[in-house]
Amino acid sequence: YKRQALRKDMVAAMKAKDKVTKEAVSALIAAVKKAAIDEGCRDDIKGELVDKVILKELKTAKEQIDTCPAERTDLKEEYQARYDIIAKYAPKQMDEAEIKAYIEEKFADVLATGNKGQIMKTVMPHLKGKADGKVINEVITELTK
């Protein structure tokens, strides 16, 4: 479903002569195709794979914004525009409060150990693609204080 939305938006961007959107969406489509080929599921691309690729591209775009020299406002704007476009397709990420509630509810037993590494190892597979790893780490650090 997301792949169809991407294609439709790319065609719309081409018609509207919206170069930034066309390039961002086109890059997403290419990245999804590449990931599908790498995973050997070229014809049957699952939604999770599309989401995983989108989150990875979003992270890359964020890094471009963060590492862009301050004086290069032209570049920064271009990166920000790209980030905003990719963000529209990204699955909603859980915030700190949601992550904390989820861990306390589902992993109270592991949390009781106070072993940060063990908690991370247990929790990460359940939150992969649903929350930012850095935020999960911060929440767990807070919970194990």
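Guide: Contact here means heavy atoms within 4.5 Å. The model is a predicted one. Start with Glu 57, which sits in helix α3. Leaving out residues up to four places away in sequence, Glu 57 touches Leu 28, Ala 31, Arg 82 and Ile 86. Its relative accessible area is 18%. Buried means under 20%, so Glu 57 is buried.

Now widen the view to the helix pair. Helix α3 covers residues 47–67, and helix α4 covers residues 73–89. Their axes come within 9 Å and cross at roughly 160 degrees. Angles over 145 degrees count as roughly antiparallel, so α3 and α4 are roughly antiparallel to each other. Their crossing is left-handed. On the α3 side, the meeting residues include Ile 54, Glu 57, Leu 58 and Ala 61. On the α4 side, Arg 82, Tyr 83 and Ile 86 are among them. By class, this contact has nine nonpolar, two polar and four charged residues.

Next, follow Leu 28, one of the residues that Glu 57 touches. Beyond its neighbours within four places in sequence, Leu 28 is in contact with Leu 6, Val 53, Ile 54, Glu 57, Ile 86 and Tyr 89. Leu 28 also belongs to the largest nonpolar core, which has 21 residues. Leu 28, Ile 54 and Ile 86 are among those with the most contacts inside this core. Helices α2 (19–39), α3 and α4 each supply at least two of its residues. The largest share, eight residues, comes from α2. A second, separate core has 14 residues, including Ile 99, Ile 103, Ile 136 and Val 139.

Technical notes
Residues are numbered from 1 along each chain as its sequence is written. This is a predicted model: local features need pLDDT of at least 70, side-chain atom pairs count only at pLDDT 80 or more; totals for chains, interfaces and linings use all residues. Side-chain values use heavy atoms; hydrogens and water are left out. Axes are lines fitted to C-alpha atoms, for helices over the stretch in contact, and angles run from 0 to 180 degrees between N-to-C directions. Helices (H or I, at least four residues) and strands (E, at least two) are DSSP runs, numbered from the N terminus. Angles under 35 degrees count as roughly parallel, over 145 as roughly antiparallel, 65 to 115 as roughly perpendicular and the rest as oblique. A crossing is left-handed if the near helix is turned anticlockwise from the far one by less than a right angle, and right-handed if clockwise. Ala, Val, Leu, Ile, Met, Phe, Trp, Tyr, Cys and Pro count as nonpolar, Asp, Glu, Lys and Arg as charged, and the others, Gly among them, as polar. Buried means under 20% relative accessible area, exposed over 50%, partly exposed in between (1.4 Å probe, protein chains only). A nonpolar core is a set of buried Ala, Val, Leu, Ile, Met, Phe, Trp, Tyr and Cys residues joined through side-chain atoms within 4.5 Å.
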